[in-house]
Amino acid sequence: AKQQDGAAAMEMQPLKSAEGGEGDDKDKKKSNMHKKEKSVLQGKLTKLAVQIGKAGLVMSAITVIILVLYFAIDTFVVNKKQWLPECTPVYVQYFVKFFIIGVTVLVVAVPEGLPLAVTISLAYSVKVRNITNNYGREM
């Protein structure tokens, strides 16, 4: 039984190529060579998008916290209402609504279209610049 387990373990190991390295390493190197390197503008846009995403996440959390605190203070301190068990589903609905508002703020803040917008605006500015240069020349 031990010999059969050893044979099964041998079958499950990856095969080595004739050069002594694993075949997967070769594929990984090829895929890494074919990857495009990011331009400076793409790198900066990616960094900006990450920063905006983090700021959106913070603002979303702050929005939810403020809404919950405002509701709690207004309901239980200012209006002096008690937390009644029969009102719990209504309160939960309010908290779910606040959470949905926070998610909406987060989704709106994440700039998925930022690279596209920058590309279009750059292309447009180059086009406008070429048109103005062409009109400035004598024909």
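**A chat about a helical chain**

Q: Let's start with I100. What does I100 count as: buried, partly exposed or exposed?
A: I100 counts as partly exposed, because its relative accessibility is 49%. The cut-offs are under 20% for buried and over 50% for exposed. Keep in mind that this is a predicted model.

Q: Which helix is I100 in?
A: Helix α4, which covers residues 88-109.

Q: And which surface patch includes I100?
A: A nonpolar one of about 530 Å². I100 makes it together with V92, V96, F99, V103 and V107.

Q: Zooming out, how many helices and strands does the chain have?
A: Five helices and zero strands. Along the sequence, the pattern reads α-α-α-α-α.

Q: How much of the chain is buried?
A: Of its 139 residues, 9% count as buried. The chain exposes about 12,200 Å². Carbon and sulfur atoms supply 65% of that area.

Q: New topic. Which residues does UniProt annotate as "transmembrane region"?
A: The unreviewed UniProt entry gives that annotation to residues 57-78 and 98-124.

Q: What does the model show over residues 57-78?
A: That span is 100% helix and 0% strand. Its end C-alpha atoms are 30 Å apart.

Q: And residues 98-124?
A: Here the chain is 85% helix and 0% strand. The end C-alpha atoms lie 40 Å apart.

Q: Let's pick some residues. Where is S60, and is it buried or exposed?
A: S60 is in helix α3. S60 is buried, because its relative accessible area is 8%.

Q: What does S60 touch?
A: Not counting residues up to four places away in sequence, S60 touches G102, V103, V105 and L106. One of these, V103, is also part of the nonpolar patch.

Q: Which backbone atom lies 2.5 Å from a polar atom of the S60 side chain?
A: The backbone oxygen of G102.

Q: What about T75: buried or exposed?
A: T75 counts as buried, because its relative accessibility is 7%. T75 is in helix α3 too.

Q: Who are its partners? What is T75 in contact with?
A: Leaving aside neighbours within four places in sequence, T75 is in contact with K80, K81 and Y91.

Q: Tell me about K80. Where is K80?
A: K80 is in the loop between α3 (40-78) and α4. K80 is exposed, because its relative accessible area is 67%.

Q: What is phi for K80?
A: Phi is near 55°. That is a positive value in a residue other than glycine.

Q: On to the other loop. Where is P111, and is it buried or exposed?
A: P111 lies in the loop between α4 and α5 (114-136). P111 is buried, because its relative accessible area is 17%. The cut-off for buried is under 20%.

Q: Which residues is P111 in contact with?
A: A49, I52 and G53, once neighbours within four places in sequence are left aside.

Q: And T46? How far is T46 from P111?
A: T46 and P111 are 65 residues apart in sequence. In space they are 9.9 Å apart, C-alpha to C-alpha.

Notes. Residues are numbered from 1 along each chain as its sequence is written. This is a predicted model: local features need pLDDT of at least 70, side-chain atom pairs count only at pLDDT 80 or more; totals for chains, interfaces and linings use all residues. Side-chain values use heavy atoms; hydrogens and water are left out. UniProt positions are given in the numbering used here, feature names are shortened, and annotations may be inferred rather than shown by experiment. Helices (H or I, at least four residues) and strands (E, at least two) are DSSP runs, numbered from the N terminus. Patches are made of residues with over 30% relative accessible area and no salt bridge: like charges are joined within 9 Å, nonpolar side chains (Val, Leu, Ile, Met, Phe, Trp, Tyr) within 5 Å. Accessible areas come from the Shrake-Rupley method with a 1.4 Å probe; for residues, only the protein chains shown count as cover. A salt bridge is a side-chain nitrogen of Lys or Arg within 4 Å of a carboxyl oxygen of Asp or Glu. Buried means under 20% relative accessible area, exposed over 50%, partly exposed in between (1.4 Å probe, protein chains only). Contact means heavy atoms within 4.5 Å. A polar contact is a pair of N or O atoms within 3.5 Å; within protein, one must be able to donate a hydrogen and the other to accept it, and residues adjacent in sequence count only if both atoms are side-chain atoms.
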